[in-house]
Amino acid sequence: MIRIGVNGAAGRMGALLVNKCIGSTELWLGAATDRGSWIGKDVGRLVGTDSTGLTINPVTSQAYSECQVVIDFSLPEGTGELIHALSGQGLVVGTTGLSAEVTDAIAVYARTAPVVMAANFSTGVNVMLGMVRNAAKMLPDHDIEIVEMHHNQKRDSPSGTALALAKAAKAGRIGASQVIHGRSGHLGARPKGEIAIHAIRGGDVAGEHTVYLAGDGERIMLGHLATSRAAFVNGALVAATWCADKEPGLYGMDDVLDLK
Ligand code: NAD
């Protein structure tokens, strides 16, 4: 069994991951960390089961000593604290909106341990990234716009997935492309080579992304709809299992899913 730790255990993603690990015959939940009033509570409280005997702890260097792989779906400050508390465990990072400093610290940690990082752990979005790169290449004159929608509690904007889709579109283009965020004011005609991201927030939407490639008299819309968080949870657990026996390095979901 692979010994898993979950950081951000009391969050929307964290509680689902805890639940899956508790019900799994292949994964064993060795540690759960969060902050504030969750500290000291039994993880069973998160998932409505009886007492499990495993307590939610703060992130410390001892917290994950029993774990092979730690899965992080917290907030950027939580990932920042975690990265300095680990000592060789595999790491799966799902948290988005990370600062350059935390991203750099993850890259340094990946010299000593396997790390899988992805803005989106669903198989569908990772396949879509390749589709967007190819479509952008095959339709060099089409204008590209990206629209994303998420629930009203999401903190970072635009979503990490929208940024990844813009990066994929940019990679398909030969000339320079400029990624912008929304539009406001009397800006005049849309410049060629612009890739604009528009973020919508509301309700309990798990995640919707549409990439428009608009030309004269036609447009292609490549879309992904997450109907629940199950696709992210399952993908993160596949990534955790995959990285448990990998060499140190910084990997993406394209490595895990063999999409390269
Ligand atoms: P959430 O707000 O429900 O949960 C975050 C949890 O992290 C909370 O329980 C919070 O208390 C905890 N936390 C915050 N700071 C902490 C710290 N310093 N130490 C320990 N715990 C800390 O958020 P969520 O909806 O579960 O999303 C979490 C993150 O995952 C967000 O960045 C979100 O954008 C991202 N996300 C990524 C994917 C993906 O596929 N990569 C999918 C869904 C969400």
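Val-127, Met-131 and Leu-259 make a nonpolar surface patch of about 230 Å². Patches are made of residues with over 30% relative accessible area and no salt bridge, with nonpolar side chains (Val, Leu, Ile, Met, Phe, Trp, Tyr) joined within 5 Å and like charges within 9 Å. A salt bridge is a Lys or Arg side-chain nitrogen within 4 Å of a carboxyl oxygen of Asp or Glu. The model is predicted: local features need pLDDT of at least 70, side-chain atom pairs count only at pLDDT 80 or more, and totals for chains, interfaces and linings use all residues. Residues are numbered from 1 along each chain as its sequence is written, and side-chain values use heavy atoms, leaving out hydrogens and water.

**Patch**
- Met-131 lies in helix 5 (residues 123-138); helices (H or I, at least four residues) and strands (E, at least two) are DSSP runs numbered from the N terminus.
- Met-131 is partly exposed at 41% relative accessibility (buried is under 20%, exposed over 50%, partly exposed in between; 1.4 Å probe, protein chains only).
- Accessible areas come from the Shrake-Rupley method with a 1.4 Å probe, and for residues only the protein chains shown count as cover.

- An open sheet of 7 strands has the order 3-2-1-4-5-6-12, with parallel pairing (two strands pair if DSSP finds at least two bridges between them).
- Its edge strands, each pairing on one side only, are strand 3 (56-57) and strand 12 (249-251).
- Strand 4 (residues 69-72) and strand 5 (residues 90-93) run parallel and are joined by 4 bridges.
- Val-70 has Leu-91 in strand 5 as its bridge partner.

**Cysteines**
- The whole structure has 0 disulfides (cysteine sulfur pairs within 2.5 Å).
- For Cys-21, the nearest cysteine sulfur is that of Cys-67, 9.6 Å away.
- Cys-21 is buried, at 2% relative accessible area.
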